[in-house]
Amino acid sequence: MNLLRQHAEVQFSEELAELKKQDSGHLPPNWMLSPQAVVTYLMGGKLKNGFEISPKYIGDRRLMEIAVATLTTDRALLLYGLPGTAKSWVSEHISAAVSGDSTLLIQGTAGTGEEAIRYGWNYARLLAEGPTENALVTTPMMTAMKNGKIARIEELTRISADVQDTLITVLSEKTMPIPELSMEVQAIRGFNVIATANNRDKGVNELSGALKRRFNTVILPVPDSAEEEVDIVRRRVASLAKGLELPVQAPALQEIQRIVKIFRELRNGVTEDGKTKLKSPTGSLSTAEAISVVNSGLALAGHFGDGTMNAQDLAAGIMGAIVKDPIQDKIVWKEYLETVVKGREEWKDIYRACRELV
Amino acid sequence: MPITILGIRHHGVGSAKNVAERLEQIQPDLILVEGPPEISEALALVGHSDLKPPVSVMIYNTENPKQSSFYPFAEYSPEWVAAVYANKNQIPLRAMDLPAAIGFQIDNDKKDAIKNVLENPETVEEKEAEFISEPINFVGYRDPMSYLAEVAGFKSGEAFWEHHFEKNYLQNSSSDHFEGVLLAMGSLREEKIPSSLEEENVYREAYMREIIRKAQNELYQNIVVVCGAWHAPVLEELDKSAKTDTKILKALPKTKIKVLATWIPWTNQRLSTQSGYGAGIDSPGWFEHIWKTPKEYDLRWLTKVAKVFRKKNVDISTAHVIESVRLAESLAALRAFPKPSLEELNEAVLAVMCMGDGIMLNLVREQLIIGKRLGKVPADIPKVPLQEDFERTIKGLRLPLTANAKQYDLDLRNDNDLRRSIFLHRLEILEIRWARRVGNKNKGTFKESWVLEWEPEMMISLIDKAFVGNTVEIAAQQTIVNQLDNENSVGKVAKLIQKTIPAELFEIIDVLLSKVNELATISADILDLMIAYPPLVQVSRYGNVRKTDLSMMQGIVDSLIIRISIGLPNACYGLDEANAENMFTKIGQVNEAVRLTDSAETDSIWLECLRKLLEKSGINQLIVGCTCRLLLDAQYLSEEATNQQLSYSLSVNNEPADVAAWIEGFLKGSGMILIYDNKLWNLIYRWVEQIGEEVFMELLPILRRTFSKFEYAERRQIGEKAKEGIITQDYSKVSDNQDNIDSERGEKALPVLRILMGI
């Protein structure tokens, strides 16, 4: 098969099968794995028979435990966080591990209507036969309810507020009424919802109080330590560069470390040695953005430069990622350049390159 | 003669419950609890209705109250529980440990030795080994319990103890419980695994055994010992160790130090920090909750959390509580715990009630997990050291406590007066309103006047500060540090620095400075920075700031002006009249401070910033005018350029109100320049001339306001000058011709000039 990307349950089918074999924990109804095994699948680890499970989420185990424990109660799970903190990734893998199916997905947009969440009609049939079950177009949500699986909603807060609220009945009564047919679809045990939303974007639709109450929220943070982040960036860049066939050597670890350091320092509002406080820019500066800065640096070096990525190639990308608001962020960035970067002996090149652009 | 040893963790709720149960079972005739023997008397007060935990025994060196240690108790401290039991049933109660006096002596000896080495470098070689070995001892040790934890698969020794000995209290199993503790600790002690306080423990444990032996000799039949679990196993071997103990105890230094013990109120906040036992707890409020709530503590805890949120107007329904309980229980199940602990409850609260947002959880931490409880002590207990220090100091400074107001004029060049001033400044920091500064007409900085008026309530507020520090100096320092914690305005911290200088609290200057630095960096409030700048510049110029790293101070002052200069042009954009006026004053103050620094670099940064301000559009004219004037004063703008600016700003097409504002800013509260600079005079004169009557009437109030701020004499002179109209003759021109100077007449002025300049 020549697929660009496989579903989690296909890509990691071997791991899931092995986990199932070794799983001795209590299975909640309609779950493929016990909660403990789901956490192991996410965090990685060695099984009793020595089989190695690769880590899917690099970060705090407790968060994954809260997320999985939530799904065993009758509240839905909301993964919340900055853009680029692996929310959708986690949601995909949890549903793959819990229901063995990560495809029951509703993409939330400003244009998502009620029929994308509840059900729609096949109008040709509706006209020909009148309202019958055959004329009904089911949604991933309805399918998940019928089969006791996990439904996923991406970008919940982008869906308009009135459409969001159709979820209330589904989440509290676990039923979806179809008044046109005087019937309803009642959820089978094992059904639940994982939604993702980011807390940085402005102009999104805040959840109503009633809906909020039906979700347990887990905030996925940016990586904890610098090494962790460098590790994530390096792995992802290496795999992406291969995919894009960039005519350049693998990125120097040193450059990645520098970018991660700049991003972390600005994000945390303090230099790594903890001695100087910094202002933080308005952008989120997530790991995903660090990855894309390195990638664009690589592309610049490959297509227009001498093939090795240097400070010049990175400067534009860094500034683009940091300065999102032309006034505030520029002050932040200038202050950072003057007070921190300038003072670092081995950062002279990057200081000069960035100074030219400001 | 049975002895029962109950190994506990200080402030452990499970330990306390088991101690209570075990004491009822044993019915001892003597109880020994861990703690220096000098506190035995104080412990007799436990159970007094006015002694309400959290409280602490404070034991201190009567000669040097700075040397002190604290033994805090909460309601659920096992030692407290034992003491309550003993006093209720009238069973003798003693504290057993190394006497505090000896402990203090050991500390003093060490300090003296170090001092000796520093003073007599020749002897360093012999003693060096001794000193080097000490810190290493502290660093190298690992929590002994972590060995057990590792075997049992727990993350830390703490978690191991918590799980086995604190969390799961079962009724009627206290004897098994303590046997288990003994076994666990015994196995560690047998392996001779060292703990971090190894050397100290040798003495302490020997002393403890000695006290137990003494009790046995007094023919007590049924002794219960309550002590830290780590010591429990070695207190059993009384006979075997008798000889070595005598030897060890002989090696202890003799001491003449007298100590006193007294109770002082404590807070939950302080319980959660380290104390005399070397064992602080993170969550006193939570412990109190499980101590008082034997059943369904998780559910009841979450209801409390909900209540706290509701008080803060966060909508939390009963359904939230139900869901939190469920999530906490599933989390506990997922982690294979029989019941949720504080961690699971916190995580459930976070996910269900707080939308995952940790900031709200801080509220729970502050109000519930730590708790706001403040202890109480009976009124008739002995004096606290702070009070004694206060009384000693005022005696030494000859400042009697009188109810009648009395004024003291202090001359700071006089040693006693200087010390008085320092002391009064410290009291001011402590918010004890005994002394009030009164304005001193004499502007010299070496004079200060205070009015002293004593009220008895002031002693109470002094005692209230007892836990802040044992001497007025330390208490004042600590007060500043405490205020600092909650401060996030640079200007206010700068004011704190200004307060500490006359109070000579130099030790904390560094802390203050780094706080200023930190705040200045993140602050986006330029005004705040501008408020902070002048006092900091002043402080940085104090020559007598001893022990303070002036270079750091300089660095902060320098970076502050950079930040101000970067941010100022934007901060001035689009200000309304009131804000512009405020900004105008601040700019003037900063400018003055910049002049004080006397540094060319600072000057150029600041002037550059002012120039930008001048060029930027959308700035209130008041500020533009002021900027223009400052640049002129600094000779950054040439007279010609100023003229150009002036006529540009005064040109007919401008809004009259803007022009008036510009003039106000430019003249900045003084008419001098109008009197002496004819060019400017003429420009303004012409401008007044050409405005029509209607516009003039409109402007009059504004102009009047500007001019009314001038000194009377200035206004009169300006008025007289106005009679003359346009000045064509230029008096201000000085003749360039050297020949015309009458040097003889000039020399006559020299002696007076010398006196004036103090040459």
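The legends below describe close-up views of a predicted model. Residues are numbered from 1 along each chain as its sequence is written, with chains lettered from A and ligands numbered from 1 in the order in which they are written.

View 1. Chain A contains 17 helices and eleven strands; helices (H or I, at least four residues) and strands (E, at least two) are DSSP runs, numbered from the N terminus. Of its 358 residues, 42% count as buried, a class that requires 20 or more other C-beta atoms within 10 Å of the residue's own, while exposed residues have 12 or fewer and partly exposed ones lie in between, with C-beta atoms placed from the backbone. Among contacts in chain A with a separation of 6 or more, 70% are made by residues 24 or more positions apart; a contact requires C-beta atoms, placed from the backbone, within 7 Å.

**View 2. The side of chain B that touches chain A.** In this interface, 23 residues of chain B are in contact with 27 residues of chain A. Two or more residues each are given to the chain B side by α14 (318-334), α15 (342-353), α22 (509-522) and α24 (550-571) of chain B. The largest share, eight residues, comes from α14(B). By class, this side of chain B has ten nonpolar, six polar and seven charged residues. Here Ala, Val, Leu, Ile, Met, Phe, Trp, Tyr, Cys and Pro count as nonpolar, Asp, Glu, Lys and Arg as charged, and the others, Gly among them, as polar.

**View 3. The open sheet of chain B.** Four strands form an open sheet in the order β1-β6-β2-β5 (chain B), with parallel pairing; two strands pair if DSSP finds at least two bridges between them. The edge strands, β1 and β5 (93-96) of chain B, each pair on one side only. From one strand to the next the twist averages 20 degrees. Six bridges link β1(B) and β6 (residues 223-228) of chain B in the parallel sense, and Gly7(B) stands opposite Cys227(B) in β6(B).

**View 4. Helices across the sheet.** Helix α1(B) lies across β1 and β6 of chain B and runs at about 170 degrees to β1(B). Helix α3 (residues 78-88) of chain B lies across β1, β2 (30-34), β5 and β6 of chain B, at about 155 degrees to β2(B). Axes are lines fitted to C-alpha atoms, for helices over the stretch in contact, and angles run from 0 to 180 degrees between N-to-C directions.

**View 5. Packing of α28(B) and α31(B).** Helix α28 (residues 639-649) and helix α31 (residues 678-690) of chain B pack at an angle of about 10 degrees, with their axes 10 Å apart. The two helices are therefore roughly parallel, a term for angles under 35 degrees. The contact is made by Asn643(B), Leu646(B) and Ser647(B) of α28(B) and by Lys679(B), Leu680(B) and Leu683(B) of α31(B).

**View 6. Backbone features in loops of chain B.** His11(B), in the loop between β1 (3-8) and α1 (13-26) of chain B, has a positive phi near 60 degrees. Because His11(B) has 27 C-beta neighbours inside 10 Å, this residue counts as buried. Ala336(B), in the loop between α14 and α15 of chain B, has a positive phi near 65 degrees and is exposed, with 8 other C-beta atoms within 10 Å. A cis peptide bond joins Pro53(B) and Pro54(B), with omega about 5 degrees.

Methods:
This is a predicted model: local features need pLDDT of at least 70, side-chain atom pairs count only at pLDDT 80 or more; totals for chains, interfaces and linings use all residues. Two residues are in contact if their C-beta atoms, placed from the backbone, lie within 7 Å. Angles under 35 degrees count as roughly parallel, over 145 as roughly antiparallel, 65 to 115 as roughly perpendicular and the rest as oblique.
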